Structures are given as C-alpha cells and as structure tokens.
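Subject: Structure for you to look at

Hello,

Here is the structure I said I would pass on. Please open it first, then read the notes below alongside it.

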Amino acid sequence: MALISPESLDRVKQAADIVEVISAHTDLRRAGARYTGLCPFHDERTPSFSVDAQEKLYHCFGCGVGGDVIKFVEEKDGLGFAEAVELLADRYGVEIEREQEDPRAEARRQQRRRLEQLLERVAAYYSSYLWEAPEAEKAREYLGARGLGAEALRAFGVGYAPSAWDKILVRGQQAGFSPQELHGVGLVQRNRDGREYDRFRARIMFPIRDRRGRVLGFGGRAMRDDQGAKYVNTAETDFFHKSQLLYGVDKAKAAIAKANRAVVVEGYTDVLALHQAGVGEAVAVMGTAITGEQVATLSGMVEEVVLALDADSAGQEAMLRAQRVAAGRKMRLRVAKMPAGEDPAEMMAAPGGPERFHALIDAAVELNAFQVGLVLDRTDVASPVERDRALDEVAPVLAAMGETASRDDLVRQVAERLDLEPAMVMGRVVSAQPLSGGGEAQPAHGGGAGRGDAAPAPQPRRGAELTSRERRERALLAMCIALPEDGRHYLDRLTDAHLSGSGRAAAVWLREHPVEPASNLPDDPELTGLVTELVMLAHDEPASRESMELNFLLLDQRRLEHEIAAAGERDDYEARATLSRERASLVERIARTQRVES
Ligand SMILES: [Zn+2]
C-alpha cells in the first residue's frame, strides 16, 4: 500500500494556513499570540476556542477538543486522514509523494490479520458448540427462558465455551497457532506455574466486535454458581480495549444511522432482546458507565445518545467526562429512567414491553438535567445545611455546561426547588469555575498599535471540572514541553501514583515523543485534546525550573497523603510513621521552594 511520505505530510502542514481553514467555520480574532473565536465543535456564547498559528494547533478550553489542521479537516468535513491530507494538498498546491510501506509494518499487519482469523474461528467454534454439544443444553435453556430466539442468537454469533481446561489450547495449536498467539488474544491464560489453560470455560460466549464486524474479544457468562465472576471479559490485549468498544455496534450501525440515535444499555442479552424486538439501534457498554472513548465512537455516527443504564450507580465522574466529550462533538446525551430491578431484556419478554421501553426512551431527559434532578431528589429542602450541600453538588455540573440557554433554565429550576435567588445559584456556578493553573488571564494586549479587533483571551472554563491535581499536573506537563531538558528529568520522576488517568496517558506520550509532541497526534481524541492543550500552554504560559519543582513536590505530597491513608486503612502503623516523616520533610521543602518562587 502506498503511503503519503512523512516529508509530504510536513509540507502540507507547513503550507496550510490553519487560521484560514478554521475561519471558514468560525470567526477568529487575534488575541495576543493566539486567535480566538466561538468553538465550532460546541455551543457557546463566549469564545473558548483558540488557534495557535505558530504551533499550527487548535484547542478548545471549553470542551477539550484539539488537534492540527489535518485533524480539523478530518473532523469538520468528516474525512479520513489520507483524504484530509489530499484535500489540503490540493488547496495549498502541495505535490504529494507516496512511498512503499515499511516491510515491518506490513509484517505487523499480516500478523494482525492472522490473529483476527484466529478470533473469528474460535467464535465460530463456540457458536457451533452452543447448538450441538450436549453439555451446552443448560445454556440453550437459559437463553430460551430469557426469550431469545435462535435467529437473534445466531445473528450475534452467541456461543458456548466447553468446560474442559484445554479445548481451545489444543485445537488452536492443531490449527497452527502458537500458545503465545492464543495468549496474545486473551483466549488462554497461565497459572502460577506457567501452565497454560483456556480462559473461558463453561460459559455462554458473546463475541465482541468492532464497527466493521471484526471479533476483538469475548464476554462470557457463567453457567454454574461455583464459577466465580458471573461475567468474564477478554483481558485487555493489543486488540481488546474494553473502554473503547460497544457491544453490538456492528449490527446496530445501520439502524443508528437511520434513527440518528443510539440507545446504550448494560448487558449483552439486553442488546439481543432489543434487536429482536425491533430496537436495532441498541448497543451495550461493558460496565455501568459510558466512557469518553465510547462517546467519541458514537459521535461519528449520531447526534443523540440515550443512556438506558442504571444511572444511579454509574460513576458521576465518568458521566461528567462523557458529557464533556459529547459537548465537544455537538452530541446530546440523554438518560432514560429505567425501572429499578428490571432490565431491558426482561422488559422485552413481558407483554407490552417494547411499547413501555419506547415510551421510556422518548421521555429521556438531558444528562445534566438528570444529574441535577438526582441531587435535588435526595435533598431535604427544609434543612439549610442540606440545601447548601445540594448547591455544592450541582454547581460543577452546571458549570460544565458552559454558558448555554439550557443551563440558564436549569439554574432557574434549582433556585426554585431550593427556594433561593437565581443570582445566588449563578454565583455558585461561576465560582465553581476556577481559572486554570497558569496565573491571571492575560490582558488583550496589542504590542504595537491599539488593535480595534482585539478580543479577550478565552477563559479556560473546563477548569471547572478539573481537580486541583489535574490542573497541577497539566501545568507541570506543559512546562516539561516548554523546558524539555528539565522536562525529561521530571517525566522520569513522575509515576502513575502522581498522575490522574489522563495525566498518565499524556506523560507516556511525552516520554515517547520528547521532540515536538504535537507533530504527530495520537489516535485517541481525548489524548489529542490534552496534548494540544499542553503544547499551547507551553507556548504561552511562563515556565521556570522553580515552578516545575514546586508543582512536582505538590503532586508528590498528594501521593504521600494517599499512601499514608492507605497504610492507616490496613493498620500498618510502622509504614504510616515512616511515610509521615517523609511528608514532614517534603512539606519543609515545599515551603522553601515556595519562598524561592515568590
Ligand atoms: Zn469547544
């Protein structure tokens, strides 16, 4: 396959005028070193979208999207990478050169195809085992009792894993696959003595496929009580990333496109039951919360996603993150209030079930309104303390919405329910939006003549949802880019215990791409957003060795606090005492560093 050469790619990026390209979608004004405007990816009234013409990057401090000029064209024109490059090359008159692919990349692709075939064959084996093996009889009965017909079960390739310890191991090797390969795709695992055995035994097997229908892994439901976990998934492999996949998306994509809506449920059998009942746009998450990556997958397909999940138990933080990704992609997230103790599969099997389900989906409310409602319902409005607590809980949710009309509506509702002045509620929302770590907002300066068109620099509203740790780690990581030599030293010292999930991913990226971290962007849109943010912060926030050290020490203090608490929880007083001494000396160093810095 002929690829666009890296040199051509660089030439296209150099030649393309990112300000001009983006200006076709939103009005940009110069603000200091950047250009700013209303974000073309989310709905807002004051600009938080920023373009750095020198670094040739864009980033929205409101919704977190970001990337380079190619990424922008991909997103806005719905093009693939190569198409976006070609379009820009055409427009800016760059001749594209192509090159033969690196033979190692070709070998990797072939190996991947081989493993895909392995997974496909195993799925077919499980499926025929379900229908033919006597030991699968109980499984067939169970599925039948859930109201699932053979047609749906076959369409989704549902199967059964034999109870023997080595069926897949032996048959896989007979078919020419090595134990390492079987291990690599998560079908085989090793015990403490290093002996291999089948990961899935005596379980109903649900093959989990990507959008294009390729099997990447499995979910297995236990058939006996003595089997430990009721559900076991393929372990995370090079193929299988649970947080990115949606069960049933390959079958659902046509219906999703037609309805311009996806319905997200929790279980494999829920998806089957819904498809069987004609709700073809149903997909499932593998857990109780939807992830930002899953939202990103869906956002390429639909403008509206209805969550028919057990929303009370879903992590609030995960919901906020999903909401942020959705807001960044002009997508609505709504929540259907599912009756307690009845899952969609049960509902479908009952008389009138499909109609009830449709009514619930139609009555779904916006995610933010739902979250606010949850808090208000729990609040004893007669108690001033309770009302204050409720206000504390809803303020970040409202702040995360940005300045939108629907937020104003919600603010009014909250004020009414809590019997407060709307202005007072609004005050709390605004104070829940701290500025990001890097000092005061810059004035809209014009170094030369007073520019009439100077706009104020965007306020990083997303700060509202960032924890102080996230703000601190972002400041530090940005400085690692600004001062790469010292940066290397801090990147080495930062461990997972210092960082949040997104911070870890960014640190790994910076370690692997120490030079120009944004010149090739990661595939993951969330990480891309973060990397562009860091590069832009590095470009215009002040960095110094002292403030790097201070930020690092403060992150280290937080890590220590955690370890001290953990030691306390396991009654390890010795460790606690040692850690406390460590903390005392750390606090002293922080005080010294702070004196130097100020
Ligand atoms: Zn935005």
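**What was found**

Start with helix α11, which covers residues 268–276: 8 of its 9 residues are buried, so the helix is largely enclosed by the rest of the structure. Keep in mind throughout that this is a predicted model. The buried residues of α11 are Y268, T269, D270, V271, L272, A273, L274 and H275. An α-helix has 3.6 residues a turn, so residues three or four places apart point the same way. After α11 comes G278, which has a positive phi, near 95°.

**The zinc site**

Which residues coordinate the zinc ion? They are C39, C60 and C63, each through its SG atom, and H42 through ND1, at 2.0 to 2.3 Å. The site is tetrahedral, with angles of 102 to 124° among the 4 donor atoms. Along the chain, the donors follow the spacing C-x2-H-x17-C-x2-C.

Are the cysteines C39, C60 and C63 buried or exposed? Buried means under 20% relative accessible area. C39 has a relative accessible area of 5%, so C39 is buried. C60 has a value of 0% and is therefore buried too. For C63 the relative accessibility is 6%, so C63 also counts as buried.

A disulfide is a covalent bond between the sulfur atoms of two cysteines. The number of disulfides in this structure is 0.

**The strands around C60**

C60 also belongs to strand β5, residues 57–60, and both faces of this strand are covered.

β5 pairs with two strands, which can be taken in turn.

- β4 (residues 49–52) pairs with β5 in the antiparallel sense, over 4 bridges. V51 stands opposite Y58 in this pairing. The hairpin of β4 and β5 has 4 residues between the strands, and K56 there takes a positive phi near 60°.
- β6 (residues 66–68) also pairs with β5 in the antiparallel sense, over 3 bridges. Here L57 stands opposite D68. The hairpin of β5 and β6 has 5 residues between the strands, and G64 in the turn has a positive phi of about 90°.

V263 stands opposite V306 in β16.

The last item is S299, which is found in helix α12, residues 292–299. Its relative accessible area is 16%, so S299 is buried. How far apart are the C-alpha atoms of S299 and V325? They are separated by 8.9 Å, while the two residues are 26 residues apart along the chain.

Regards

Key. Residues numbered from 1 in each chain as written. Predicted model: local features only at pLDDT ≥ 70, side-chain atom pairs only at ≥ 80, totals over all residues. Heavy atoms only, no water. Donors = N, O, S within 2.8 Å, 3.2 Å for Na, K, Ca; no water. Tetrahedral: all angles 85-135°; square planar, octahedral: opposite > 155°, others 65-115°. Buried < 20%, exposed > 50% of the residue type's maximum accessible area, 1.4 Å probe, protein only. Disulfide = S-S within 2.5 Å. Pairing = 2+ DSSP bridges.
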